[in-house]
Amino acid sequence: MSSSQATATSPQVSEDQQALRAAIERMKSAQRGPFERIRWFCADGAVLAPGEGACREHGGGVQHGEWNAQTKQLRADGYFIANLLADVRDDDYVGDQARLEDLRQLLLERFLISNDDGWVFRQARYYRGALQAEDEQAGAARLMLALSGDPRWRSPARYLLLREAARLLPLGGEPRVAGQVRQLAIEIADADPGFTPLRIKIHGIPDAGDAAMVRRYAKSKGREALGKEYERLAGLLDTLNAPLTTLRQLSALARDTRDAALKQQLQSTVRSLQDAADLPARLTIAARAMADWRRQIETQSDLKPLSRMRLLLASLAMEQEVFAVANQLVDQQAGATRATQLAYLGALSDALYGSGLLSERQRAAIAQHNNDLTRAATLAVGDYVNALRYLARVPQWAQNALEYQFGLSVQRWTALTPLAAHLIPDRLRGSPLLAYTRLLDRLVQDGNRLVGVRHRLFDEAVGTGLRALNPGLRRGVLLLPPADGAFRRDGIYLLPSTTPELPPVAGILTRGEGSSLSHVQLLARNLGIPNVVIDEQRVAAVLKHVGEPIVLAVSPRGAIEISADGAQWDAIFGREAIGEDVVIEPDLAKLDLSRAEPLALLDIRARDSGRIVGPKAANLGELRNNYPQAVNPGVAIPFGVFRQLLDQPIEPGGRSAFDWMAGEYARVRAIDDPAAQQQAVSSMLARLRGWIVAAEPGEAFRKALRARMIEVFGDAEHVGVFVRSDTNVEDLPGFTGAGLNLTLPNVQGFDAVVDAVRQVWASPFTERAYAWRQSHMTQPEHVYPAVLLLKTFASQKSGVLVTTDVDSGDRQWLTIAVGEGVGGAVEGQAVEELRVRRSDGKLRLLAQASSPLRAEPAPQGGIRKVPASGADVVLSANEIEQLRALADDVERRFPMPVGSDGLPAPADIEFGFADGQLALFQIRPFVESLRARRSEYLINMDRQGSDAAQPVDLGAAPATQ
């Protein structure tokens, strides 16, 4: 990705970001870079002026640059720039309190040093004494040995970060040549003072461009008498920086180790590679070695730190072998059989596991799918295509692994430089994933041809890199996320991830999948808004069309077309009448607004939904009656309380708030100009929200609420409650309303609860909620929020269960999305997503949880974010069995409304677990857009060119036409 592309994927920078970037640019060009002066930093903490043996009486020390005021301020603000490895304290990165985020930023800076001409050290490389290459390499080696020796760094959750540290830290080249380089550079600088800046640079931060710099200097500025010395130095630099072959690197590691077992293992691997008959054999050997070395690094407790570090270096060397061999195979063996190319994918998945980009769980899932494909006596085309689509999840899994480790750091550092955004895509392109996606793309296109399904990206047929989340057909303008949050209704947005605050738009392209069962995904699915996950390999092709009108088509079976809009689409959109078809019609005759006393959840049943409370409280009351141990106590504030509030005047002596609101809705509907109408809506809603938040519900209400909370919770001051909106216009036929209104988590203190109730009352009147909901209503003034106070349940893991496969509609499978902490899956986090077969509990892994943070209730109220565990597995086998049993039981006890297909709608259930105990938070019907399912154009995209049951010959080459 180019720099311009990296910038284009982010919103415009703010003034504060511009100031930060300007400060960084000044450091790059300043003679001393991030430093103020040169000092000795002694072991006992003393900082002394330069001088011979300055730290001799202070336990020794190192000399380097001292940070200037700007650098210190940036570091105080959390940007850990200008890191000096010579001064790194190993203890900061090991033990229970390891500073992992500091390490991530340190590694991100090493990436920028290599990819941005020295980064903030660009000129400081020539500032004598500021940086000492040997001290930096020694510091890097000490750090890596400390990490390698800490048992906590043997956790699979840390393996990728550990290996990236070995990859990015300057662990040194060949010591003998490096010493010769340094000595000769000193001699030349002594004879030619003009060479001094280059000498300092070579000593400070050497890189592969040094030889060319020396030759350019010799030609333009060098002294004729030193011609041979310049060329000798350039030659030594060529040797020092020349890429070593894998065999030479492994042999060198074997030669240097005193660990007899490791020496034998490395030498045996070298011999195996030397004896390999062909490229496929080399790929298999290299990939298996990478996988095996990872297992040793993680599990062999008696492995010495130095041996563990050398295995990491061996793994990095072997990755280059895999990279080179696999890409040769892609180029040379396009005509290899399907089975052969699937075998290559299997080997590459081993290498991706060895590199840390896949977990053992993911590697095993890929191996199982590959085995099922290649061992089948006969294989139907449909099964072949479905298996390939599963294998196509690997690029997103690899991306998620890097996002887990570096996503937050990269996001933060983009304020300093857009080049920070290169870290993840550059790592993916330089890994075995490049060959994996090239091979897979060929096979997926082959499968798509066999069944007549196609993906097209601006007139190019593609196999991988695009994956459907929600079906739909829309036209709009391709846009990047707006800096001010003002999304356009006609925008088809390329987003880093699906934001929970997203208003209704024409379409969504997400670079990070998150949860397919998040609230915003459910809303988009409900209204037929197409959503596609786009991998990094396809982003550049999309960025070329930002600002242009496009069409996004996603079929129910997952075929995708992204195309330039034009006259050829007019007839299609005219024929299909793509106008909004959702009309929200609450049952006003059922409403009972006379009930105005807070109610215990125990006293509410499903029949009360839309009558005195919304479906959250009503359905939870029913669930509590059926599953008393799984539903926490709760208090519901009925619609009638809010309706009484609206009887108060909107202003002293004026109309009631209800009459004013009804008049305003009628007024804005009569405005023809869209811009003027939007401005009027914004103004009206802002005034209404402000009035509700400030309105006084009255002393009688306060007394009744306090009494009910004491009755239900035993306390009104110190119990934590989730304060949840529960309107009469959600979970209706054809409309879900998921996540539109406010939930305030873990509120403590009676006055705080009353304030939260007013905020929740106001939340259905945000512009986002209006755009999703009231704009689909004929009588928008009849939106009545009830409020549910549900006692806080400190979920260790939480998520959503849907009693069908949400992709295929197969009711023999359950869909589960779950993440760590509270609110898992519903806010769009990158969560664990599973399919579970009802009959026997068979699992299919679709995504592994990779959100770096989890939410937990804070002791004094509210929610705090803490680091997630990074564990490969979220739900235990016992917890999955509880959900499987619940799915069958809840459908018997709690029938969903019947849909247009004559079948009950699947159930959408929000749940949590703490210490294995199941908690239920909500149940609703799972609603999809019928328009997307009935679109003639989308149906035609899915028409098969052959029978899905027709056999496919794995012994034949993939179809190329």
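# A guided tour of the predicted model

Select Tyr217 and Tyr230 to begin: both residues are buried, a word that stands here for under 20% relative accessible area, with exposed meaning over 50% and partly exposed in between (1.4 Å probe, protein chains only). This is a predicted model in which local features need pLDDT of at least 70 and side-chain atom pairs count only at pLDDT 80 or more, whereas totals for chains, interfaces and linings use all residues. Residues are numbered from 1 along each chain as its sequence is written, and side-chain values use heavy atoms, with hydrogens and water left out.

**Aromatic rings**

Stay with the two tyrosines and display their rings. Rings of Phe, Tyr and Trp (its six-membered ring) pair if their centres lie within 6.5 Å, and planes under 30 degrees apart count as stacked, over 60 as edge-to-face and the rest as tilted. By this rule there are twelve aromatic pairs. In the pair of Tyr217 and Tyr230 the centres are 5.9 Å apart and the planes stand at 75 degrees, so the pair is edge-to-face. The pair links distant parts of the chain, 13 residues apart, with Tyr217 in helix α9 (residues 210-220) and Tyr230 in helix α10 (residues 227-241); helices (H or I, at least four residues) and strands (E, at least two) are DSSP runs, numbered from the N terminus.

Next, select Phe642, Phe701, Trp761 and Phe765, which form one aromatic cluster.

**Charges over rings**

Move to Trp153, where the charged end of Arg158 sits over the ring, 4.9 Å from its centre. The criterion is that NZ of Lys or CZ of Arg is within 6 Å of the ring centre and within 35 degrees of the ring normal. Then select Tyr79, whose face has Arg412 lying over it at 4.1 Å from the ring centre.

**A sheet of three strands**

Colour the strands β1, β2 and β3, which make up an open sheet in the order β2-β1-β3 with antiparallel pairing; two strands pair if DSSP finds at least two bridges between them. Strands β2 (47-48) and β3 (61-67) stand at the edges with a single partner strand each, so one side of each is left without a neighbour in the sheet. Strand β1 (residues 35-42) is joined to β2 by two bridges, and the two run antiparallel. To see one of the contacts, select Phe41, whose bridge partner in β2 is Val47.

Show helix α14 (residues 305-332) with helix α15 (residues 338-355): their axes come within 11 Å and cross at roughly 155 degrees, the axes being lines fitted to C-alpha atoms, for helices over the stretch in contact, with angles from 0 to 180 degrees between N-to-C directions. That makes α14 roughly antiparallel to α15, given that angles under 35 degrees count as roughly parallel, over 145 as roughly antiparallel, 65 to 115 as roughly perpendicular and the rest as oblique.

Then select helix α11 (residues 246-256) and helix α12 (residues 260-275), whose axes come within 8 Å and cross at roughly 160 degrees, which makes α11 roughly antiparallel to α12.

**Backbone details**

Finish with individual residues. Ala82, in the loop between α3 (69-76) and α4 (100-115), has a positive phi of about 55 degrees although it is not a glycine, and Ala82 is buried, with a relative accessible area of 0%. Asn746 lies in strand β16 (residues 743-747), where its phi is near 50 degrees, a positive value in a residue other than glycine.
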